[in-house]
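Work through the exercises below with the sequence and the structure open beside you, and try each task before you read its solution.

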Amino acid sequence: MEHFICTGGCGGVSGTPGVCQAESCPLHGLDLKPCGCTDGEHADVKAAAELEERRKEEEDSD
Ligand SMILES: [Zn+2]
Ligand SMILES: [Zn+2]
């Protein structure tokens, strides 16, 4: 079943679309990412978020 997760490290998971509720999370207030995993690992979404992060860092360092 589809769920929505935060990739900011807070471990937030929701059954409905929304934003991160953890005030200490770097992604607090930002949209949760849809995920369709069945093992609770959210591997695909986490990998995509990591790639995006790396791409941003590369852009910033230039
Ligand atoms: Zn979060
Ligand atoms: Zn998942």
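The exercises that follow concern a predicted model.

**Exercise 1.** Work out how the reach of helix α1 compares with the expected span, and how many of its residues are buried.

Solution. Begin with the extent of the helix: α1 covers residues 43-61, which is 19 residues. Next take the reach from the first C-alpha to the last, which is 27 Å and close to the 27 Å expected at 1.5 Å a residue. Finally look at the cover, where the count of buried residues among the 19 is 1, and α1 is accordingly described as hardly covered.

**Exercise 2.** Decide whether Methionine 1 and Histidine 42 are buried or exposed, using the C-beta atoms within 10 Å.

Solution. Start with Methionine 1, which is found in the segment before β1 (3-5). Methionine 1 has 6 other C-beta atoms within 10 Å, and because 12 or fewer counts as exposed, this residue is exposed. Then turn to Histidine 42, which lies in the loop between β3 (33-35) and α1. Histidine 42 has 20 other C-beta atoms within 10 Å, and because 20 or more counts as buried, this residue is buried. As a last step, consider the backbone: most residues other than glycine have a negative phi, whereas phi of histidine 42 is near 55°, a positive value.

Technical notes: Residues numbered from 1 in each chain as written. Chains lettered and ligands numbered in written order. Predicted model: local features only at pLDDT ≥ 70, side-chain atom pairs only at ≥ 80, totals over all residues. Helix = DSSP H or I, 4+ residues; strand = E, 2+ residues; numbered from the N terminus. Expected span 1.5 Å × (residues − 1).
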